[in-house]
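Colleague: Could you walk me through this model and tell me what stands behind each label? I would like to see the cut-offs next to the values.

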Amino acid sequence: ELNICWDLSANNFIKALDGSCEDEFNFSYPNGFAIGKVEVSKIYELLEGNSKIYDSCDLWKTADKSKTLEVIKNWHKGIALTPPLLSISYNNLISIVSGNHRFNVARIYGEGTVIFSVPLEIKDNISCMLDNGIEWIS
């Protein structure tokens, strides 16, 4: 059984971006993040195609197995992971900048809602895209 839990400490968000150094991270996200909670299906409906994993077979066929196993192992141990970082793609769909494995493992394992982060400057746009169905945590 997985204990899907999220690390909401802003100091740990840099961990979400594999290999990003602190200066690069601060330059890319100078205004910080908003944290929201929403039904997984609302994000999935608007998700860019390259971020979609259709089912568990597709997960094991297309996703990076070591990253997938790491997510499952951590949640099995009850270790909180940073939430997926979302953005808006050029074609007005939601893209997962970081956390695709976390999002899709949570979704496939039956999580009804997901916590996510977005750069503060696109918070209102994401709210509109998701029909204001977001519970903003911060």
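**Labels and their cut-offs**

Modeller: Let me begin with H5, where Asn100, His101, Arg102, Phe103, Asn104, Val105, Ala106 and Arg107 are buried. Buried means under 20% relative accessible area, exposed over 50%, and partly exposed in between, with a 1.4 Å probe and protein chains only. Please keep in mind that this is a predicted model, where local features need pLDDT of at least 70, side-chain atom pairs count only at pLDDT 80 or more, and totals for chains, interfaces and linings use all residues. Residues are numbered from 1 along each chain as its sequence is written, and side-chain values use heavy atoms, with hydrogens and water left out.

Colleague: What makes H5 mostly covered?

Modeller: Of its 9 residues, 8 are buried. The cover over these buried residues includes H2, helix H3 (56-62), H4, S3 and S4. The names come from DSSP runs numbered from the N terminus: helices are H or I with at least four residues, strands are E with at least two. Just after H5, Gly110 takes a positive phi of about 90°.

Colleague: Why is Trp75 called buried?

Modeller: Its relative accessibility is 0%, so Trp75 counts as buried. Trp6 has 13% and therefore counts as buried too.

Colleague: What makes Trp6 and Trp75 an aromatic pair, and what is its geometry?

Modeller: Rings of Phe, Tyr and Trp (its six-membered ring) pair if their centres lie within 6.5 Å; planes under 30 degrees apart count as stacked, over 60 as edge-to-face and the rest as tilted. Trp6 and Trp75 are 5.1 Å apart centre to centre with 80° between the planes, an edge-to-face pair. Trp6 lies in the segment before helix H1 (22-28) and Trp75 in helix H4, so the pair ties together parts that are 69 residues apart in sequence. Another pair, Tyr29 and Phe33, is tilted, at 5.0 Å and 40°. Together with Phe13, Tyr29 and Phe33 form one aromatic cluster.

Colleague: How do you know that the charged end of Arg107 sits over the ring of Tyr44?

Modeller: The test asks for NZ of Lys or CZ of Arg within 6 Å of the ring centre and within 35 degrees of the ring normal. The charged end of Arg107 is 4.0 Å from the centre of the Tyr44 ring. Lys52 also lies over the face of Tyr44, at 4.9 Å from the ring centre.

Colleague: What is meant by a nonpolar core, and which residues have the most contacts inside the largest one?

Modeller: A nonpolar core is a set of buried Ala, Val, Leu, Ile, Met, Phe, Trp, Tyr and Cys residues joined through side-chain atoms within 4.5 Å. The largest has 39 residues, and Ile43, Trp75, Phe103 and Phe116 have the most contacts inside it. Among the elements that each supply at least two residues are strand S1 (33-39), helix H4 (65-76) and strand S4 (113-119). Contact means heavy atoms within 4.5 Å; Phe116 touches residues including Ile43, Pro83, Ile126 and Trp136, not counting those up to four places away in sequence.

Colleague: Why do S2 and S3 count as paired, and in which sense?

Modeller: DSSP must find at least two bridges between the strands. S2 and S3 have 4, in the antiparallel sense. Leu85 stands opposite Ser98 in S3.

Colleague: How does the radius of gyration of the protein compare with that of a compact globule?

Modeller: The radius is taken over C-alpha atoms, and the globule rule is 2.2 Å times the number of residues to the power 0.38. For 138 residues that gives a value near 14 Å; the protein has 14 Å, so the two agree.
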